[in-house]
Amino acid sequence: MDTLILVLIGLIAGPLLGGLIAGLDRRVTAWFQSRQGPPITQAFYDVAKLFGKEKMVVNQWQILCAWVYVIAAAVCLALFFAQSDLLLIFFVQAIGAVFLVMGAMATKSPYSQVGAQRELIQILAYEPILILVFVGFYMVTNSFSLEAVWSQDMPLIAKMPLLYLALGYALTIKLRKSPFDFSTSHHGHQELVKGVLTEYSGPYLALIEIAHWYETVLILGLCAIFWHTNVLWMAVLLVITYLLEILVDNTMARMTWRWMLKRVWLLGMGLSIVNLIWLYAR
């Protein structure tokens, strides 16, 4: 019964927290740019407006892909709240990511096609880091279960500082922020228009936005368990991490996919491997 309650909390709180985070992101970004910015609840108004628009798709395959993407994201967060297995969460989120790409490739739009190819490259960049971070959890707790993580009496960041830094790369890519926002962007002024989302509109674009909110909360949840022993320090860690993400997004230009792969694989995976070797040797 407790697990079911946690699952329901995750499913309901996910989009609420994700929408508020998106609203705060816009306000802080506007502050960086000396603008007032929209209200914090604007993200909810935008999604509600999308649900009220006419249903238009290029083909029926896009509908299936949008639904699978949002269901996979919701299931991942539900599994996280249920303190399930990290590897199971990884595989479910991978299924959702693949269907997002397949939906974009199902159309003939060159913007959508190139966006899909770039999204695949981004998946190729961040998924090895996620696996290495989960291996780090296993080496510390002897289990891939989130329940084992919560049973630890010391903050994991003390044993996995470099893996936390590497997770920052995955967070930036999943949030689609500069310099890794070349498959799509929360800004509407890139050369690919909206890239992988170009051919989505109305209710199906709203589903993808909600899926993105679920993913944002999931990744921040993974960051939170690095300091699971103290709620205050957990909140401080999350606030600092997200503010750094916004700062990087507003101070860096979009880079090429070659630049991204070199930096993420060399630095991100390098930091991860050094931390894993230290965990093995201690």
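**Exercise 1. A pair of charged side chains**

Which polar contact joins the side chains of glutamate 119 and arginine 176, and at what distance?

*Solution.* Keep in mind that the model is a predicted one.

Step 1: The side chains of glutamate 119 and arginine 176 are joined by a polar contact of 3.1 Å.

Step 2: A salt bridge needs a side-chain nitrogen of Lys or Arg within 4 Å of a carboxyl oxygen of Asp or Glu. Glutamate 119 and arginine 176 do meet in a salt bridge, with 3.1 Å from N to O.

Step 3: Since glutamate 119 belongs to helix H5 and arginine 176 to the loop between H7 and H8, the pair ties together parts that are 57 residues apart in sequence.

Step 4: The cut-off for buried is under 20% relative accessible area. Glutamate 119 has 3% relative accessibility, so it counts as buried. Both glutamate 119 and arginine 176 are buried.

**Exercise 2. The other salt bridges**

How many salt bridges does the structure hold?

*Solution.* 

Step 1: There are five salt bridges in the structure.

Step 2: Lysine 177 and aspartate 25 meet through their side chains at 2.5 Å, N to O. This pair links distant parts of the chain, with lysine 177 in the loop between helix H7 (161-174) and H8 and aspartate 25 in helix H1 (residues 2-32), 152 residues apart. Both of these residues are buried.

Step 3: In the salt bridge of glutamate 215 with lysine 174, the closest N and O atoms are 3.0 Å apart. Here helix H8 holds glutamate 215 and helix H7 holds lysine 174, and the two residues are 41 residues apart.

Step 4: Glutamate 215 counts as buried because its relative accessibility is 8%. Lysine 174 is buried too, with a relative accessible area of 8%.

Step 5: Shared partners join Asp25, Lys177 and Asp249 into one network of salt bridges.

**Exercise 3. A cavity and a pocket**

What volume does the largest cavity have, and which element gives the most to its lining?

*Solution.* 

Step 1: Counting cavities of 30 Å³ or more gives one. The volume of the largest cavity is about 120 Å³.

Step 2: The largest cavity is lined by 17 residues, and the closest to its centre are Cys76, Gln93, Lys174, Glu215 and Leu218.

Step 3: Helices H3 (60-81), H4 (86-105), H5 (110-141) and H8 (202-224) each give two or more residues to the lining of the largest cavity. H4 gives the most, with six residues.

Step 4: Sorted by class, the lining of the largest cavity has 13 nonpolar, two polar and two charged residues.

Step 5: Now turn to the second largest pocket, whose volume is about 500 Å³. It has 22 lining residues, and Leu17, Ile21, Val217, Leu220 and Leu238 lie nearest its centre.

Step 6: At least two lining residues of the second largest pocket come from each of H1, H3, H8 and helix H9 (231-251). H9 gives the most, with seven residues. By class, this lining has 20 nonpolar, one polar and one charged residues.

Definitions and conventions: Residues numbered from 1 in each chain as written. Predicted model: local features only at pLDDT ≥ 70, side-chain atom pairs only at ≥ 80, totals over all residues. Heavy atoms only, no water. 1 Å grid on protein atoms, 1.4 Å probe; cavity = no way out; pocket = protein on both sides within 12 Å on 5 of 7 lines; lining within 4 Å. Points joined across faces, edges and corners; volume = space filled by probe spheres on them. Helix = DSSP H or I, 4+ residues; strand = E, 2+ residues; numbered from the N terminus. Nonpolar A, V, L, I, M, F, W, Y, C, P; charged D, E, K, R; others polar. Buried < 20%, exposed > 50% of the residue type's maximum accessible area, 1.4 Å probe, protein only. Polar contact = N/O pair within 3.5 Å; in protein donor to acceptor, adjacent residues only side chain to side chain.
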